[in-house]
Structure formats: C-alpha cells, structure tokens
Amino acid sequence: MATRARDFDELSRIALALGFRTSSEDYRMIENRLEALEAILAQLRAIDVSAFEPASTFSAQPGHARTHGR
Amino acid sequence: MTELHYQSIAEIAPQIKSGKLSPVRLTELALERVARLDKSLNAVLTLLGDQALASAHRHAKEIQAGRYRGGLHGIPIGLKDLFDVEGVATTAGSTILRHNIASADAFVTRRLKDAGAIIIGKLNMVEFAMGATGLNPHYGPARNPWDTSRITCGSSGGSAAAVAAGLCFGALGSDTGGSIRMPAAVCGLAGFKPTYGVVSRTGVLDLSWTCDHVGPMARTTADCALMMNAIAGHDPADPGSATARPGAFDAQLDRGLRGVRVGVPAHYFFEGVDAEIEAAVRSSIETMRSAGALVREVAMPWAKLGRTINVGVLVPEAVAVHEQWLKASRTKYSAEVRARLEAAQTTSALDYIRALRARRWFNEQMEAALADVDVLVTPTVPVQTPTIEECTPPPGANEGKAGGTLGNFTGVFNTTGGPSLSVTCGYTRAGMPIGMMISGRAFEDATVLRVGDAYERAAKHNLRHPDM
C-alpha cells in the first residue's frame, strides 16, 4: 500500500480503478509518515546492537494481553 | 477547605469510612458535574450513571453495615475507554469498535470494583491511543479544564480532563509513549506509569505489547499509590505480567526526601525545553535539595535515543495489532491513524529486531546511570500546552503545527519499562500547569512515589484547581 512515488493524484486514480479507496491526500500522508519513520530507522541502524539479544532486561516478559469482546 | 469535588481520595476516604459522607452523595456530585461541565470538556464517552448510582447505594449499605473495604470504597473512578467493563462498549476512541461490547471486566476493572470503587464512565481518548495530543476526529477533542481552548495531551486525555475538573476522583490511563504522564502534566495531576508488568493488561486494548503500561491518574501521588495497591498484582492471563510485586506502593510515603539521591540529566532532557518549564523544574529540584535530597548531575549522552527506540518498537507492534482491522475496516480509521499504520507496514522484521536489541543496549546504559541515584528528575513535556487549533492537522497534513515533540521525554521510560511519575511543579504565566517527571529503577515504584509525594507536600502546587 505504501509507496515512494510522488505522483499522488495518478496513484490515487490507479488505486480507485483497482477498487481501493485511497485518495491523493492519503498517499501524501503515508509519504510524510514514511519519511519520519525512515529517519527513526536510520538512527536505530546506527547503533551497534551486535552484543544484545532482543529480550527484556527484567523478569516481566513481553507478550500479548488478551482482550474481551473481540 | 477544599471543595468536596476537588478533595483527594485520601481526604475523602475517612469521611466515607466514618459515615459522615455517603458514596451516594459523592456519586451524585460527580454525575451532576458531568452533566453541567462535560459539554465544554468532552471528557466522557460513555456515562454509566444508573450503574454508578446503583453501585453507590450497594456500597453505602455495606459501609453502614460495618464492612468498609479500604481507601477506594465508595469513590467514583473513571476509565479510559480501552478498559473493558462487562456489558459496556470498549471503543478505544474508534468507530471500528463503536459496538464492541465487553463480555467481561478487565483485570484492573475487576480489581477496582473489588476495592469498592464506583465506575462512573468510559473516558475520551485518542483513536486507538495512537497520538499525543488528545484530539479525536470521531468523538471530538477532550478539552483542558484549565483552558478549554487547549489540548489535554493524550492519549488518556479524557481521563486527565475528568479528574482535573472534578468529574471523578481518579482515573485509569494507559501509557505506551507517555499517555498517562503527558495528560497528567498539562492538566495539573499526578500520573503514574508503573514498572512494566506490575499491572495486568488483560482486558485492555493493546497498542504495543512490550511498551504498554496501565496506571493511575489522580490529584495527588498518594492517591496514585492507593490506586496502585488495588490494581497491581500478578495475572497469569497476561503473558507480560510480572510475578514479582514491588510491595505496598504507599509503604514509603511520608518518609520525606532526606537522603534521597536525585539525578539531574546533563544531556537531552533539558535541551530545547521551554524556558518557563525549565525554570519551574530546576526550581523544584532546588526545593527537593532544600528538603534534604542529594542532588547530582548524571551524564547520559545516549538518552536522546530512548524515544527513537520507543517508536521503533511501538510502530511495528501497533501495525501487527491492527493487521486484521486494516484489511477489514480500513476506511473506518481516521486518515491520520490510517496513514500511520499503512506507513508502518513497511517496517521490516530486521528493523523491529534491531529496535528490540537497541532497547537492551539502552536499558543497560540506563541501569548504569541509575546505579548511583535513586531517581531521575526531568521535565515531563518540553513545550507549553498548545491550543487545539494549533494541533489540528489541515486537510492532507499529518499533524498540526504544534504537538510533534510532546512525547520526547516520556517515551524514554517506556523503553526502559521502569516506573515514571509526573507531578505538578508550577504554572506558566498563562496559568497552565507544568509537569515534572520522576523516574526510577524497575520494581522500585515505591521509591518514585515517595519522592513525588514528598515533593508535593513541600511545594503544594497540586493544591490549585481549575475554576469550574
């Protein structure tokens, strides 16, 4: 769904033709978010994490909370 | 004498215990204030008036019969609308879940009910808790009781507005990047994010499994400790639930600040901070020093990456939570939240694992930094509270001209998972509350609450209330 292309109006026309309700404004907003996200990921890539396993440092281990009603 | 609707839970509880004050009168007062004030605040999404009154009558009889349960008995409490209450919709501020009726209480809802609290309603929040401003395009923004043209921050904005305006005496929020502490800061409350795993998330809508925390918002730190005593505890149904419990959360209250080692970061947390906010926090640190705290500077040049890691973990977890809804109900999201999630779908597994590994790296740095101090003291929010208009995105834009930096400091402690509290430490020239954040080592929640309580007693900034 996300795209790097700049021609949002054209993308929107193609999306609509394919049955997706994605407006040119949607594409612009996704593009803005992608730029912000890529800046964050670039900072993360610059950290040397080779010595670290991806576990929590304390006893409460992360997991999925169960929810009711869904 | 503080008006009844602005009294703390700790002030009210003895009146209820002695029979001087009835839970029915207290609940009627809360509901009367909701009816009169919520048109201008938009804090309440679902009012549970009849259920609350019925509950108040039951508890009044129980107390009269000598079966007083403790400090929360008969106290009206609100819940952010992502906590399940049996038989009531949990919307999470979305239209997708508008008719999502909970079949059971959340673990924490049950704990509050068991403690005798009266649930008066489900409170406004950012759509799916994905945002820091408190705005909601589906249900309208929660408004700040100190100035209704300004934001409450978020995502637990309705919870903060309701407590600050005296619509209830405490509320629960959730905090994945600061969603308890930011609203508490700008609405003049104490808001506590406990250590990860100390409070169960069963029956609470997820945003990010490894960053989500449940916690209280109240008028005082002591009230937060009282609520923590009720809601904390191991829950086998929550895979992230800690088996260790940090002990009574009010165990260290009243011990004061003498000998407490307060760390003041030399990096990041005072950079780019509004001058009035920085002055208020630094003045408060001097107040703590005068009360006997041992204040020292702490070097943490790596701290700027704390929020980055928080977002790096949160974003792919959030998109995983929403995967099915994005397929089935894509058009029911607001454009802003949909764009966030669709952009986040591009995050690779490698990026997510890198963020998790970076979290380990970061937490080792933080653990070393906290080895020689008991708490870190920082601003909660770096900027003055913007207006709703300033935070409202123009068509086709993701954000308004303000609000992008609100969570820069709070998110650091979602990365560490350690306890973090915001307390009121002053007011701007415009009359808006300023928040100071007190953060500590994992499972040393009682120490953080001790420092917040002692500071509040020394400075008394939390005794001021909105004029409504």
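## Chain A at a glance

Chain A has 2 helices and 0 strands, where helices (H or I, at least four residues) and strands (E, at least two) are DSSP runs numbered from the N terminus. Of its 70 residues, 39% are buried, meaning under 20% relative accessible area, with exposed set at over 50% and partly exposed in between (1.4 Å probe, protein chains only). Take the contacts in chain A with a separation of 6 or more: residues 24 or more positions apart account for 39% of them. Contact here means heavy atoms within 4.5 Å.

A word on the ground rules: this is a predicted model, so local features need pLDDT of at least 70 and side-chain atom pairs count only at pLDDT 80 or more, while totals for chains, interfaces and linings use all residues. Residues are numbered from 1 along each chain as its sequence is written, chains are lettered from A and ligands numbered from 1 in the order in which they are written, and side-chain values use heavy atoms, leaving out hydrogens and water.

## Where the chains meet

Helix α2 (residues 24-45) of chain A packs on helix α11 (residues 335-344) of chain B at about 55°, with the axes 8 Å apart. Axes are lines fitted to C-alpha atoms, for helices over the stretch in contact, and angles run from 0 to 180 degrees between N-to-C directions. That angle makes α2(A) oblique to α11(B); the label covers whatever is left once under 35 degrees is called roughly parallel, over 145 roughly antiparallel and 65 to 115 roughly perpendicular. The crossing is right-handed, i.e. the near helix is turned clockwise from the far one by less than a right angle, anticlockwise being left-handed.

On the α2(A) side, the residues in contact include A:Met29, A:Ile30 and A:Arg33, and on the α11(B) side B:Arg338, B:Ala339 and B:Glu342 are among them. The tally for this contact is 8 nonpolar, no polar and 6 charged.

## The chain B sheet

Chain B has an open, mixed sheet of 11 strands, ordered β1-β3-β2-β4-β6-β5-β10-β11-β9-β7-β8. Two strands pair if DSSP finds at least two bridges between them. At the edges sit β1 (44-47) and β8 (294-298) of chain B, each pairing on one side only. From one strand to the next, the twist averages 30°.

Strand β9 (residues 375-379) of chain B is largely enclosed by the rest of the structure, because 5 of its 5 residues are buried. Strand β7 (residues 261-265) of chain B pairs with β9(B) in parallel over 2 bridges, and B:Val262 has B:Val375 as its bridge partner. With strand β11 (residues 433-440) of chain B, β9(B) runs antiparallel, joined by 5 bridges; there, B:Thr378 stands opposite B:Met437.

## Covered helices in chain B

Helix α5 (residues 157-164) of chain B is mostly covered, with 8 of its 8 residues buried. Those residues pack against β2 (76-80), β3 (118-123), β4 (170-175), α6 (181-187) and β6 (213-218) of chain B. Just past α5(B), B:Gly166 has a positive phi of about 75°.

B:Val34 lies in helix α2 (residues 23-41) of chain B and counts as buried because its relative accessibility is 6%. Leaving aside residues up to four places away in sequence, B:Val34 touches B:Val44, B:Leu47, B:Ile120 and B:Leu167.

Note on methods. Nonpolar A, V, L, I, M, F, W, Y, C, P; charged D, E, K, R; others polar.
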